[in-house]
Amino acid sequence: MRNVLATDIKNNIRSIRFILGIFLIVSATLMSEHEMLQKIINAGGSAEGPGWFVAYTYCMNSVNMLLFVPIAVAFAGGENTEAELHSRFFLFSYIRSGRKQYLVGKAAGLLVSGGLTAFLAMVFLLVICILRFGQYPSLIDGNYEMAVLVGRTAVSFLRLFLNGAFWALIGGTSAVITKNRYMSYAVPFILYYVLTVFQERYYQKAFFLSPRYWAASIYYNDIFCIAILAVGSFFNGTDLYVRNRKKVAVCVILNRLFGLQARISMDGKKVRGSG
């Protein structure tokens, strides 16, 4: 099990698409929050707290960053499961590792790679915020304990990791359902956008309906956000496991039938040849 999971994670994070996913999140965040970050520089600090923490808060709650996450986290491995099912490559993999290990490895590998995409993107953004805005102090006297700020930052990493894992699993499941690997990028983005717009237009006070507020602890605390993302990731992973199991079973049966048919055909040719 560990070898299968490690192999899937290794293959996902070694791909150029994994790097592209991180780059997309980082670049979208910096471009969209440029004006807010510039205000910290122009003012020589922020009244909301230390410059680095305020800048990082802007980044992790960025509307555009959260909009691009569903696409970016699926880059690494969102299409891999459907591609393997379509090409029958999985027949070589699951025979060596076992059916259960193969299916669990695919779901867990997608969860980890999607989560790591969002996680590492925020690590890069945090480093940028510390290096660029660490010199700017709070403009008002406040009791900002470093331990508290570090703790809130660490919790945000867990929340954003789960957010990346959640959307990556949705992308992988969408590709399997539609039998189109490109849907692993399109469906999460469309679903995020539709749910967000639906909540903003029809249920303005029901913030829990919007996936934006699952990832950004603006109206709900970190415990609520982490809980809903963890539960959602679990159900998405289970759904992907079940759907893959059914497809693998069908493909195995068809492969055996085709193999039997080919063997019968070869035996028939041998009989006719000997006659």
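The model is predicted, so local features need pLDDT of at least 70 and side-chain atom pairs count only at pLDDT 80 or more, while totals for chains, interfaces and linings use all residues. Residues are numbered from 1 along each chain as its sequence is written, and side-chain values use heavy atoms, with hydrogens and water left out. Helices are DSSP runs of H or I with at least four residues, numbered from the N terminus.

**Salt bridges**

- The structure holds 2 salt bridges, the term standing for a side-chain nitrogen of Lys or Arg within 4 Å of a carboxyl oxygen of Asp or Glu.
- Aspartate 222 pairs with arginine 159, and their closest N and O atoms are 2.4 Å apart.
- Because aspartate 222 belongs to helix H12 (residues 222–274) and arginine 159 to helix H9 (residues 146–178), this pair ties together parts that are 63 residues apart in sequence.
- Arginine 159 is buried at a relative accessible area of 1%, whereas aspartate 222 is partly exposed at 21%; buried means under 20% relative accessible area, exposed over 50%, and partly exposed in between, with a 1.4 Å probe and protein chains only.
- Arginine 243 forms a salt bridge with aspartate 239, with 3.0 Å between the closest N and O atoms, and since the two are 4 residues apart in helix H12, about one helical turn separates them.
- Arginine 243 is partly exposed at 34% relative accessible area, and aspartate 239 is likewise partly exposed, at 27%.

- The axes of helix H3 (residues 34–43) and helix H4 (residues 51–60) come within 10 Å and cross at roughly 170°, which makes H3 roughly antiparallel to H4.
- The axes of H9 and helix H10 (residues 183–202) come within 7 Å and cross at roughly 120°, which makes H9 oblique to H10.
- Axes here are lines fitted to C-alpha atoms, for helices over the stretch in contact, with angles from 0 to 180 degrees between N-to-C directions; angles under 35 degrees count as roughly parallel, over 145 as roughly antiparallel, 65 to 115 as roughly perpendicular and the rest as oblique.

**Surface patch**

- Ile16, Ile19 and Leu20 form a nonpolar surface patch, with about 290 Å² of accessible area together; patches are made of residues with over 30% relative accessible area and no salt bridge, like charges being joined within 9 Å and nonpolar side chains (Val, Leu, Ile, Met, Phe, Trp, Tyr) within 5 Å.
- Accessible areas come from the Shrake-Rupley method with a 1.4 Å probe, and for residues only the protein chains shown count as cover.
- Isoleucine 19 is found in helix H2 (residues 16–32) and is partly exposed at 47% relative accessibility.
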